[in-house]
Amino acid sequence: MNGSSHAAPRRARMLPRVLAGVIAFLALGGPSPGHVGSCDGSGELADAAMFCEAYRTYYCARELSGGRLPQDQYLQCTMRTGPGGPYTFCSGFNFTPGCEPSQRSADQCIRALDTADVAVRTDDVAQCDFCGGV
């Protein structure tokens with residue numbers, strides 16, 4: 001017998017395994033919780049604590065850089081509840097009742113804070129004006 005007659009049964013045995021692997025791999029690419037019905041994450045709600053930490057970081061730095069916040073107030077602005085703890089301002093932070101911004105909106109706000117001219121007051125950055133402002 002030649003080598004090709006042994007290869008055919010081997011391929012036949014491997015085919016179900018390969019197909020199962022492909023199906024399992026494709027299942028990993030499905031939507032995660034909060035992304036159902038959306039490809040861009042716009043349905044996922046923003047995490048209030050994570051948003052507050054990011055927003056506060058930019059807020060304090062922008063206000064200091066824009067000359068609207070003296071150094072001693074900057075230190076108070078960035079004060080934490082303890083080593084590795086959240087900003088004091090963010091302790092217990094939540095969005096106002098009825099305000100449920102998407103993760104996409106929160107990300108747009110943070111990106112805008114990063115790119116907007118520091119001459120613009122942080123409270124006046126339009127992308128952060130969801131639910132009446134932060």
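In which helix is Glu-53 found? Glu-53 is found in helix 2. The views below come from a predicted model.

**View 1. The whole chain is built from helices.** The protein chain has 4 helices and 0 strands. From the N terminus on, the elements run α-α-α-α. Of the 134 residues of the chain, 24% count as buried. Among contacts between residues at least 6 apart in sequence, 66% join residues at least 24 apart.

**View 2. Helix 2 packs against helix 4.** Two packed helices are described by the angle between their axes and the distance between the axes. For helix 2 and helix 4, the angle is about 20°. Their axes lie 10 Å apart. Angles under 35 degrees count as roughly parallel, and helix 2 and helix 4 are therefore roughly parallel to each other. Their crossing is left-handed. On the helix 2 side, the contact is made by Phe-51, Ala-54, Tyr-55, Tyr-58 and Arg-62. Helix 4 contributes Ala-106, Cys-109, Ile-110, Leu-113 and Asp-114.

**View 3. The largest nonpolar core holds 22 residues.** Some members touch the most other members: Phe-51, Tyr-55, Phe-93, Phe-95, Cys-109, Leu-113 and Cys-128. Helix 2 and helix 4 are the elements that give two or more residues to this core. Helix 2 gives the most, with 6 residues.

**View 4. Glu-53 reaches from helix 2 to a loop.** The structure holds 3 salt bridges. One of them joins the side chains of Glu-53 and Arg-80, at 2.9 Å from N to O. Glu-53 lies in helix 2, and Arg-80 lies in the loop between helix 3 (71-77) and helix 4 (103-115), so the pair ties together parts that are 27 residues apart in sequence. Arg-80 is one of several contacts of Glu-53. Leaving aside neighbours within four places in sequence, Glu-53 also touches Pro-86, Tyr-87 and Cys-90.

**View 5. Phe-89 sits in the loop between helix 3 and helix 4.** Phe-89 is partly exposed, with a relative accessible area of 41%. Which residues does Phe-89 touch, not counting those up to four places away in sequence? Phe-89 touches Cys-52 and Arg-56. Phe-89 and Cys-77 are 12 residues apart along the chain, with C-alpha atoms separated by 7.6 Å. Phe-89 and Glu-53 are 36 residues apart in sequence. In space, their C-alpha atoms are 8.9 Å apart.

View 6. Glu-63 lies in helix 2 (residues 48-65). Buried means under 20% relative accessible area. The side chains of Glu-63 and Arg-68 meet in a salt bridge, at 2.9 Å from N to O. Arg-68 is partly exposed, with a relative accessible area of 24%. Which residues does Glu-63 touch, not counting those up to four places away in sequence? They are Arg-68, Leu-69, Arg-121 and Thr-122.

**View 7. Arg-121 pairs with Asp-123.** These two residues form a salt bridge, the closest N and O atoms being 3.7 Å apart. Asp-123 is partly exposed, with a relative accessible area of 47%. Arg-121 is partly exposed as well, at 39%. Arg-121 links this view to the previous one. Arg-121 is one of the residues that Glu-63 touches, while its salt bridge here is with Asp-123.

Terms used
Residues are numbered from 1 along each chain as its sequence is written. This is a predicted model: local features need pLDDT of at least 70, side-chain atom pairs count only at pLDDT 80 or more; totals for chains, interfaces and linings use all residues. Side-chain values use heavy atoms; hydrogens and water are left out. Contact means heavy atoms within 4.5 Å. A salt bridge is a side-chain nitrogen of Lys or Arg within 4 Å of a carboxyl oxygen of Asp or Glu. Buried means under 20% relative accessible area, exposed over 50%, partly exposed in between (1.4 Å probe, protein chains only). A nonpolar core is a set of buried Ala, Val, Leu, Ile, Met, Phe, Trp, Tyr and Cys residues joined through side-chain atoms within 4.5 Å. Axes are lines fitted to C-alpha atoms, for helices over the stretch in contact, and angles run from 0 to 180 degrees between N-to-C directions. Angles under 35 degrees count as roughly parallel, over 145 as roughly antiparallel, 65 to 115 as roughly perpendicular and the rest as oblique. A crossing is left-handed if the near helix is turned anticlockwise from the far one by less than a right angle, and right-handed if clockwise.
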